[in-house]
Amino acid sequence: MADFKTHTQVAAVVSGGLAGLALFSGLASLPEALLYWAAGTLGGILPDIDSDSSMALRIVFRCFGAMAAALAATFAITLWSVPLALGLGGLAYLLVRYPLCQLFAHFSVHRGVLHSLLANLLFTLVAVVLAHRLFHLSPQAAWGVGGFVFIGATLHLLLDELYSVDLAGMRIKQSFGTALKLTDWSAPGWSLLLVLQIAACWWLAPSPLDWQQVWQQQQIWPWSAGGSLVPPLQELSELVLQGWALLIKGI
Ligand SMILES: [Zn+2]
């Protein structure tokens, strides 16, 4: 299993590179690219929130606590005085950070259902919904945030799986196969709950179709100017033939 530092470093480097690519190809503005970078890095630690003593659990519940505090204070300030609203905000933070976090830790099992691709899909959609509904990001930017969370979280699973192969000793550790999985098949009830939460988030999320239009308008590839992401078959076969010809000449 890769440690916290390795997960954050790999996720930060990969998502930083991809966010830079999005910025320079015109798919994201500078603030959006920075947000994508942060989302990818955070995604890189999310699967380990099921480990009761993990840094990931503390970071995520601090973030949720801060969001709950901001929401509670914003709501309370319209009704009560500033000190009272701030007090309510502080109380909301403490409630999320401690009892709620402990309840979550009590029910979650490390390398269980939350350490899976299905859970990554849920993390993605929760990020999209929060980015759009709470932070009022455009549907395109919200899905960008979600996409980077998914990339970071999936990198985490891959990295854990890679660490279960001991290349030097040419042996496979016992943990092999527990990190990168579709879901935890031994817990069908929890998996079903995840599917239901995914469906609810999908319903709350904005349409991802904005991205389709962006890809079509963006002339990243010569053939995308025609409105299709897939190159025409004729062009593709010509490219393959030219490649072969060059390869044969080289040999
Ligand atoms: Zn892990």
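This is a predicted model: local features need pLDDT of at least 70, side-chain atom pairs count only at pLDDT 80 or more; totals for chains, interfaces and linings use all residues.
The crossing of helices α5 and α6 is right-handed, a term used when the near helix is turned clockwise from the far one by less than a right angle, anticlockwise being left-handed. Their axes lie 8 Å apart and pack at an angle of about 150°; axes here are lines fitted to C-alpha atoms over the stretch in contact, with angles running from 0 to 180 degrees between N-to-C directions. The two helices are therefore roughly antiparallel, the word for angles over 145 degrees, while angles under 35 count as roughly parallel.

On the α5 side, the contact includes Phe123, Val128 and His132, and on the α6 side Trp143, Gly146 and Phe150 are among the residues involved. Two residues are in contact if their C-beta atoms, placed from the backbone, lie within 7 Å. By class, this contact has 14 nonpolar, 5 polar and no charged residues. Nonpolar covers Ala, Val, Leu, Ile, Met, Phe, Trp, Tyr, Cys and Pro; charged covers Asp, Glu, Lys and Arg; the others, Gly among them, are polar.

Residues are numbered from 1 along each chain as its sequence is written.

Let me turn to α5 itself. Spanning residues 117-134, the helix has 18 residues and reaches 25 Å from its first C-alpha to its last, close to the 26 Å expected, that is, 1.5 Å times one less than the number of residues. Its buried residues include Asn120, Leu121, Phe123 and Leu130; buried means that 20 or more other C-beta atoms lie within 10 Å of a residue's own. Those buried residues pack against α2, α6 and α7. Just after the helix, His136 takes a positive phi of about 55°.

Finally, the wider setting. The protein has 9 helices and 2 strands, defined as DSSP runs (H or I, at least four residues; E, at least two) numbered from the N terminus. Of its 251 residues, 29% count as buried.

How values were computed
A residue is buried if 20 or more other C-beta atoms lie within 10 Å of its own, exposed if 12 or fewer, and partly exposed in between; C-beta atoms are placed from the backbone. Angles under 35 degrees count as roughly parallel, over 145 as roughly antiparallel, 65 to 115 as roughly perpendicular and the rest as oblique.
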